[in-house]
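Please read the questions below with the structure open beside you. Each answer works towards a value or a name.

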Amino acid sequence: MHSMDSSNDFSNLEKALLNFDLPQADWIGMREVHEKATHRMVRDGNPYINETTVSHGVMVEVLAQGQFGYAATTRRDPQSLRSAAEKARDQALKAAQFGVYPFTTKHRPPTQKNYQSTYQLPFQEKTAGELNATLIRICEKLKRSSKIIRTIALAQIVETEVKWVSTNGSRASQKFSLITTDFEATAQEGSVTQKRTDGGFRGRSFQGGWEHFETPDLWQRVERVAEEALELVVAEECPSETTSLILMPDQMMLQIHESIGHPLEIDRILGDERNYAGWSFVQPENFGSLQYGSALMNVTFDPTVVHEFASYAFDDNGVEAHKEHLIKNGILIRGLGGIESQARSQLPGVANARACSWNRPPIDRMANLNLEPGATSLNDMIASVDRGVLMQTNRSWSIDDFRNKFQFGCEYGKLIENGKIVKTVRNPNYRGVTVPFWNSLKKVGDSSTFGVFGTPNCGKGEPNQMIHVGHASPACLFENVEVFGGSA
Amino acid sequence: MTLSRSALFDPEYFDHLNQYSFGLLKPKEFLFLSLASEESQFVRLNSAKVRQTGTVQDSILTLSLVYESEPGRLHKNSYSLTLTGQSYEDQIGIKEAVRRLQTEVRNIPADPYAELPKDAESSHFEKRGTLLESSEVISQLLSPLNKTDLAGIYSAGPIVRAMAHSEGQKHWFYTENFSLDYSLYTSSQRALKGTFAGANWNPDAYAQEVRNAQKQLTLLESKPIRVPRGIHRAYLAPAAVFDLVTMLSWGGIGEASIRQGDSLLRKLRTGEKQFSPLLSLEQNFKKGEAPRFNSEGELAPEQLILIENGQLRNSLISSRTAKEYGIASNHACPSETLRVPVVAAGSLKEADILKELGTGLYLSNLHYLNWSDQPGGRITGMTRYACFWVENGKLVAPMETMRFDDTLFHLFGSSLLGLTETQSFIPEVGSYEMRDLGGMWCPGMLLGGMTFTC
């Protein structure tokens with residue numbers, strides 16, 4: 001009962017759609033979402049979370065007099081769907097004379113695409129008991145010293161099926177398999193406490209199956225995380241100075257997300273988010289001319305990368321998704337705006353109108369947002385630095401509501417002197433201002449430094465929506481950055 | 001608003017599902033049920049126009065199964081599913097959920113800190129409101145604006161939180177409320193923030209709220225000044241205090257966070273650091289803004305003193321943490337986060353705020369706070385909305401956005417000079433997954449120094 005009919009069976013939705021005959025409705029669309037999320041977590045070798053959540057409902061959207069209205073419901077019988085459509089139509093009609101833009105049916109283009117995540121090891125192949133046993137073993141391996149006071153290991157898998165039908169001929173589906181894993185060791189010595197994780201807060205997030213969890217290097221990573229936690233509690237504080245900064249890909253993902261992704265969202269530029277997530281320093285006239293970063297900077301919106309977390313074939317407005325450059329050789333050329341934002345702003349955008357589930361309307365979101373690799377190896381990058389800090393793995397983030405001034409913190413730092421790594425430093429933080437920071441980009445790592453990451457936790461929108469996004473990047477070198485350590 | 005009479009808001013329907021669920025249990029099995037339902041109208045506004053408008057009917061039932069394989073040896077898992085309010089379909093879903101839980105729970109290791117249901121007090125709370133008719137919302141929201149640029153979200157409708165367990169305990173919490181979380185903008189895009197919320201829509205009160213906000217907006221018309229980085233005296237309005245105190249829910253006030261090395265309060269407990277004697281914080285459910293019960297049915301004390309005159313008197317302790325560390329629970333929710341915190345008022349009169357501030361920053365709101373060194377209590381964030389530079393007790397001009405980076409031990413410690421004699425209620429208006437309940441009562445706060453970095 002609580003699994004959606006097979007992806008190519010649209011009979012329930014189509015039958016309901018045929019029977020609507022809704023006066024004053026110019027267009028009706030229905031997006032049915034069935035999502036099963038399973039979260040397992042072990043702390044200090046004991047089960048902590050073993051939970052499954054199944055969410056299933058339908059978002060009914062109606063266009064009337066140039067305004068979209070919506071009604072989302074858990075009831076999926078034809079009568080309830082009709083009732084939802086009436087509510088959505090009534091919402092639209094009441095708002096029509098006050099709308100921000102006169103939308104038409106061309107803002108919901110028909111699509112017949114189908115998409116499915118690819119995977120090697122399906123989620124069904126591992127039982128709850130087997131997964132708990134692996135997570136417990138990770139905790140045991142992490143606990144290599146009495147100074148390790150807490151160990152955590154977790155895996156979260158999400159299976160989502162989306163069906164999309166509309167009165168102008170959409171009949172499309174997408175099936176996603178998403179996996180997020182993490183483990184962490186917290187070490188304490190005296191009054192110093194330090195935590196090290198496997199890629200940051202849920203940073204190891206991919207499309208696919210268990211092949212992204214039990215990788216050949218899993219146990220080496222476990223060893224390294226424990227070792228580095230122990231290193232950090234006896235490390236010196238990161239120095240406070242203006243210096244060279246190398247960011248590894250598991251911090252670059254956050255840097256890209258906060259200082260490129262959010263400011264380029266066209267709904268923010270249009271002011272939709274002013275009351276919540278914030279605005280953007282980017283102005284419409286900046287597209288095509290703003291030197292966002294150095295000429296080494298090439299940023300793409302790429303929903304086609306096979307195992308990246310937010311790949312898909314079409315967005316939740318039914319627009320087919322393609323790879324596009326947003327920033328080319330440092331120049332801003334395209335924004336992150338779906339078909340509605342493109343119409344309102346007259347700016348070039350992408351297929352990124354996404355909703356977190358059946359119970360929220362689509363808004364402009366990041367999907368896969370990547371910095372393309374350059375030509376410098378990590379060794380050459382380090383060798384080029386007289387003095388600087390290498391930072392790895394995000395742990396803290398804060399940026400102003402125009403996405404200008406930021407301060408980010410990492411778990412793990414290395415001091416570089418005369419082209420060599422000399423020691424570990426703890427509490428490495430840095431701050432900057434977006435455009436000057438990206439213009440201080442001096443070297444971009446080659447494909448050997450490239451890392452693919454993601455996060456299930458990008459928050460935005462009113463009502464609020466948490467959505468998954470992917471980010472991939474090489475290591476990068478920035479110059480003249482203000483770095484500093486933790487509290488005294 | 002014409003309220004739904006859906007079964008999802010009927011305690012008898014919840015009873016019906018409870019009895020059905022408990023009837024599926026096998027020997028040595030115990031079941032906790034938690035229900036969260038809402039029927040919401042959302043109107044999203046930008047430039048005082050409608051960006052998006054719609055309704056959401058949602059309901060999630062969480063079943064947590066505990067299996068006692070041997071006396072005292074407990075295995076636990078949970079399964080959540082959306083409910084429709086249609087009995088036949090919901091029963092099929094519950095039956096499948098229980099079957100899956102029963103199969104899985106025997107396949108996972110014992111959880112030494114799981115708890116069996118306790119025989120305890122049940123509760124029933126209902127608060128009806130007078131909400132706007134759905135068809136009137138947009139015209140009522142927009143009519144007093146008179147071309148003022150507004151962005152925000154109107155949310156309204158009934159909310160249910162309920163729980164029951166197989167040993168007979170049951171709690172029911174039903175409320176009807178609305179909120180307009182908004183910001184108003186000048187032509188130069190300076191903004192001020194407000195929230196108009198409650199259980200009974202009052203058009204006159206709303207019109208007055210808009211008039212007051214429009215009047216304040218004129219203060220933001222002048223050109224903003226750039227304040228140099230450094231340490232400045234500051235007054236934090238209640239909404240800004242709310243943001244600082246909320247950080248204690250991010251691995252601060254929870255006992256597990258203190259024990260496991262995350263929390264800054266470890267240093268407070270050991271005496272390594274101190275808060276000011278002016279600071280007192282409690283959790284208080286007396287006004288009914290949020291349910292007292294947690295997902296295991298435990299009732300939190302109606303009033304719990306957390307920090308008294310700068311001393312840590314209590315942390316939030318869930319039963320799981322209590323069992324792990326051999327201490328007494330105060331029936332916190334499993335996440336050990338603040339639910340209805342109250343920061344004690346002080347003696348600073350509203351009329352004296354600017355005079356007492358002298359020269360410094362008046363901060364209406366903060367934004368995007370995060371720990372930059374969590375065990376050290378170091379925090380960073382931004383100023384936002386109506387913030388002003390004040391000289392000799394007079395507002396001089398709005399200020400450009402600034403970043404601060406300071407420790408809570410400093411801000412709530414040696415820097416704290418005073419708190420206002422009145423408190424404001426700052427409602428929780430978040431809506432990730434579902435609309436939040438609760439909020440914080442807090443006063444404004446006068447600081448002798450706050451560190452701004454850029």
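Two strands pair if DSSP finds at least two bridges between them. The model discussed here is predicted.

Q: In which sense do strand 2 of chain A and strand 3 of chain B pair?
A: Strand 3 of chain B covers residues 73-82. Four bridges link this strand to strand 2 of chain A. The sense of the pairing is parallel.

Q: How many residues does the contact take from chain A and from chain B?
A: On the side of chain A that touches chain B, 18 residues are nonpolar, 33 are polar and twelve are charged. The contact takes 63 residues from chain A and 75 residues from chain B.

Q: Which element gives the largest share of the side of chain A that touches chain B?
A: The share in question is ten residues. The element that supplies these residues spans 46-64 in chain A. This element is strand 2 of chain A.

Q: How many bridges join strand 1 of chain A to strand 2 of chain A?
A: The two strands run antiparallel and form a hairpin with two residues between them. Asp44(A), in the turn, has a positive phi of about 50 degrees. One of the paired positions is Lys36(A), whose bridge partner is Val54(A). The number of bridges joining the strands is 17.

Q: How many bridges join strand 2 of chain A to strand 3 of chain A?
A: These strands also form a hairpin with two residues between them, and Gln65(A) in the turn has a positive phi of about 50 degrees. The bridge partner of Val62(A) in strand 3 of chain A is Gly69(A). The strands run antiparallel, and the number of bridges is seven.

Q: Why does strand 2 of chain A count as largely enclosed by the rest of the structure?
A: A residue is buried if 20 or more other C-beta atoms lie within 10 Å of its own. Strand 2 of chain A has 19 residues, and it is largely enclosed because the number of them that are buried is 14.

Q: Which residues have the most contacts inside the largest nonpolar core?
A: This core has 259 residues. One of the two residues asked for, in chain B, also touches Ala234(B), Tyr235(B), Leu236(B), Ala237(B), Ala240(B), Thr383(B) and Cys387(B), leaving aside neighbours within four places in sequence. The two residues are Val60(A) and Leu363(B).

Q: What distance separates the centres of domain 1 of chain A and domain 2 of chain A?
A: Chain A is divided into domain 1, residues 11-233, and domain 2, residues 236-484. The contact between them takes 45 residues from domain 1 and 37 residues from domain 2. On the side of domain 1 that touches domain 2, 17 residues are nonpolar, 17 are polar and eleven are charged. Taken over C-alpha atoms, the centres are separated by 22 Å.

Q: How far apart do the C-alpha centres of domain 1 of chain B and domain 2 of chain B lie?
A: The domain assignment of chain B gives domain 1 as 7-220 and domain 2 as 230-452. Their contact takes 34 residues from domain 1 and 25 residues from domain 2. The C-alpha centres lie apart by 25 Å.

Q: What is the radius of gyration of chain A?
A: Chain A has nine helices and 24 strands, and buried residues make up 61% of its 488 residues. The C-alpha trace spans about 75 × 55 × 35 Å along its principal axes. A compact globule of 488 residues would have a radius of gyration near 23 Å, and chain A agrees with this at 24 Å.

Q: Is Gly337(A) buried or exposed?
A: Gly337(A) lies in the loop between strand 13 and helix 7 of chain A. The C-alpha atoms of Gly337(A) and Glu265(A) are separated by 5.8 Å, although the two are 72 residues apart along the chain. Gly337(A) has 26 C-beta neighbours inside 10 Å, and therefore counts as buried.

Technical notes:
Residues are numbered from 1 along each chain as its sequence is written. Chains are lettered from A and ligands numbered from 1 in the order in which they are written. This is a predicted model: local features need pLDDT of at least 70, side-chain atom pairs count only at pLDDT 80 or more; totals for chains, interfaces and linings use all residues. Two residues are in contact if their C-beta atoms, placed from the backbone, lie within 7 Å. Ala, Val, Leu, Ile, Met, Phe, Trp, Tyr, Cys and Pro count as nonpolar, Asp, Glu, Lys and Arg as charged, and the others, Gly among them, as polar. Domain bounds come from an automatic or database domain assignment. A nonpolar core is a set of buried Ala, Val, Leu, Ile, Met, Phe, Trp, Tyr and Cys residues joined through C-beta atoms within 7 Å. A residue is buried if 20 or more other C-beta atoms lie within 10 Å of its own, exposed if 12 or fewer, and partly exposed in between; C-beta atoms are placed from the backbone. The radius of gyration is taken over C-alpha atoms; the globule rule is 2.2 Å times the number of residues to the power 0.38.
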